[in-house]
Amino acid sequence: MPRISQKTKRISPASKKRKVKKIRLSPKRNTKKKETKNVKKINTPNLLRGFKDILPETSKYFVGILNTAQNISEAYNYSYIETPILEPAQLFIRSLGKATDVVDKEMYIFDNKEGGKICLRPEATASIARAYINHGLQTKPQPIKVWYLGPMFRHDRPQAGRYRQFHQFGCESIGERDPIVDAELISLAYNFFLDLGIKTVVHINSIGNLEERENYLAELVAYLKLHKNLLSTDSKKRLTKNPLRIFDSKDERDQQIMEEAPQIIDWLTDESRDYFTEVLEYLDQVGVNYILKPTLVRGLDYYTDTVFEFYLEEGEETSQSALAGGGRYDGLIEYLGGQEVPACGFAIGVERVMNILQARDEEKQKVYLSLPKKERPRVLKGVFLAQLGKQAKKQALYLIERLRKDGLKIYHNLAKSSIKTQLESADKLNVAYTLILGQKEVQEESIIIRDMESGVQEIIPQSKLKQKILKIKDEEKIINPGSKRKK
Ligand code: HAM
């Protein structure tokens with residue numbers, strides 16, 4: 001090609017040498033191929049047990065959750081916070097409590113090369129409390145309201161909805177003790193689920209302050225000692241280590257005993273009881289669906305007063321595990337060496353939410369496929385750009401970027417050259433329109449627009465493309481009046 005030869009004339013001696021080298025490369029390439037053949041086959045390393053890849057076909061759920069989390073957090077004035085995945089192990093041992101399952105059995109702990117123990121964070125509340133103290137955030141206007149979404153690690157027994165690496169979307173409000181704070185957090189999480197089309201029910205309880213809990217624990221242990229012989233082996237161990245955990249036992253006999261056990265709510269002072277009542281009043285006001293669970297105690301030591309967990313509302317897909325958990329932790333910051341600062345928060349298990357969204361889509365797909373082909377409704381949305389020829393490919397890349405800057409997203413498959421294959425991709429994506437760009441259109445600075453439903457084509461100048469796509473977007477609503485589209 002003339003342009004390339006012109007450039008060749010101007011190349012320096014050093015680059016000439018490079019060019020000569022390039023010519024000699026071909027015989028060497030063959031040798032390389034042979035070498036590749038001799039590479040010893042190995043067994044591909046497997047994914048670790050309890051870990052999960054989020055592949056392209058499911059990542060849309062993850063990204064959807066991330067976007068929903070960001071939108072709702074920002075609407076409630078929570079700012080994003082990012083803390084490290086590696087933390088001093090002591091941070092969680094002290095915050096969550098030695099006798100909790102997470103610390104006792106599930107932490108990934110390593111020796112730090114500089115001495116001491118470090119761990120992969122099993123949760124983020126303790127990290128955020130640490131960050132609050134480390135950076136003197138108590139000097140800023142209170143409360144400090146933060147949200148996060150990131151990976152957590154627990155060496156738990158893997159099973160459905162339980163992973164060793166999982167993600168949590170969480171919010172923490174630090175610096176204010178007021179029932180409205182607890183209610184705002186619960187309402188935020190509740191509406192996060194609703195935004196994703198998931199109806200939940202909040203299990204809620206109050207476990208009072210430390211003093212109330214100590215009085216209650218003495219009573220509970222006395223009761224459990226009376227029934228010790230009937231308790232499961234695990235619960236016998238919990239009786240000395242962490243008696244509250246017996247409430248979470250899956251053993252039927254343990255559950256029967258716990259039904260009759262004294263309930264913490266009866267050990268609350270008037271102040272704690274009034275606080276809790278006010279939280280519930282706010283929840284009634286905003287229409288959060290909750291049920292009182294006097295046996296709910298949560299598995300981490302830092303909680304005080306309000307504790308809650310989110311479950312799928314009855315009648316929805318059955319799932320035994322909590323989708324989210326949280327509560328007030330008024331003593332944690334001080335316990336970690338900071339000032340006396342009240343706080344409250346929650347964390348939602350992202351994978352558990354992903355599983356619900358995916359199962360729901362699979363169910364819809366099953367129903368769709370069970371219909372005769374003719375009766376399957378088609379929701380057409382979006383625009384696809386197909387190109388034919390080298391010049392058109394270049395122009396397509398330019399147009400995609402130009403439209404992106406105009407805030408318009410279009411589908412494409414630039415790696416494919418055949419127009420047939422590209423139109424097939426467009427059809428699979430169920431787009432309403434396909435833009436077709438060939439050599440002729442590039443020269444004329446025009447573009448073809450094909451209505452995928454009727455097959456009718458129209459040629460317009462490229463300069464009118466933005467206007468046309470915006471108009472198409474409006475027309476799309478008429479084609480699919482029921483389809484909800486995010487702008
Ligand atoms: P958590 O109850 O331990 O609380 O975890 C919150 C949520 O994370 C659970 O409800 C569940 O959806 C998800 N989750 C926990 N473990 C796993 C796992 N192994 N696999 C998949 N998902 C899991 C906390 O972590 C507290 N930091 C919540 C909080 C924030 N409290 C106050 N602020």
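Me: Start with Ile472: what does it touch, and what makes those count as contacts?
Reply: Ile472 touches Val383, Tyr433 and Ile449, leaving out residues up to four places away in sequence. Contact here means heavy atoms within 4.5 Å. Before we go on, this is a predicted model: local features need pLDDT of at least 70, side-chain atom pairs count only at pLDDT 80 or more, and totals for chains, interfaces and linings use all residues. Residues are numbered from 1 along each chain as its sequence is written, and side-chain values use heavy atoms, with hydrogens and water left out.

Me: Why is Ile472 called buried?
Reply: The cut-offs are on relative accessible area: buried is under 20%, exposed is over 50%, and partly exposed is in between, using a 1.4 Å probe and protein chains only. Ile472 comes out at 1%, so it counts as buried. You'll find Ile472 in helix α17 (residues 465-479). Helices are DSSP runs of H or I with at least four residues, strands are runs of E with at least two, and both are numbered from the N terminus. Ile472 and Ala432 are 40 residues apart along the chain, with 8.6 Å between their C-alpha atoms.

Me: And Gln422, why is that one called buried?
Reply: Its relative accessible area is 0%, so Gln422 is buried. Gln422 lies in helix α15 (residues 419-428). Not counting residues up to four places away in sequence, Gln422 touches several residues, among them Phe384, Asn413 and Lys416.

Me: Is His167 buried or exposed, and how do you know?
Reply: Buried, because its relative accessible area is 13%. His167 sits in strand β6, and its side chain makes a polar contact of 2.7 Å with the side chain of Glu351. Leaving aside neighbours within four places in sequence, the contacts of His167 include Ile54, Phe62, Leu149 and Val350.

Me: What is Lys52 called, and why?
Reply: Lys52 is partly exposed, because its relative accessible area is 33%. Lys52 is in the loop between α2 (13-38) and α3. Among the residues Lys52 touches, beyond those up to four places away in sequence, are Tyr163 and Glu351. Lys52 and Glu351 are 299 residues apart in sequence, yet 9.5 Å apart in space, C-alpha to C-alpha.

Me: How do you know that the length of helix α13 agrees with its residue count?
Reply: The expected span is 1.5 Å times one less than the number of residues. Helix α13 (residues 350-370) has 21 residues, so it should span 30 Å, and its end C-alpha atoms are 30 Å apart, which agrees. Buried residues in α13 include Val350, Glu351 and Val353. The buried residues of α13 pack against elements including α3 (56-75), β6 and β11.

Me: Why is helix α4 called largely enclosed?
Reply: Because 6 of the 8 residues of α4 (residues 89-96) are buried. Among them are Ala89, Leu91 and Phe92. The cover over the buried residues of α4 includes β2 (86-88), α5 (101-105) and α6 (125-134). After α4 comes Gly97, with a positive phi near 105 degrees.

Me: What surrounds the ligand, and what makes a residue count as near?
Reply: A residue is near if one of its heavy atoms lies within 4 Å. There are 25 residues around the ligand, and the closest are Glu123, Thr125, Tyr163, Glu172 and Tyr303.

Me: What polar atom of Glu172 lies by the ligand, and how far from it?
Reply: A polar side-chain atom of Glu172 is 2.9 Å from a ligand nitrogen. For Arg298, a polar side-chain atom lies 3.0 Å from a ligand oxygen.

How values were computed
Polar contact = N/O pair within 3.5 Å; in protein donor to acceptor, adjacent residues only side chain to side chain.
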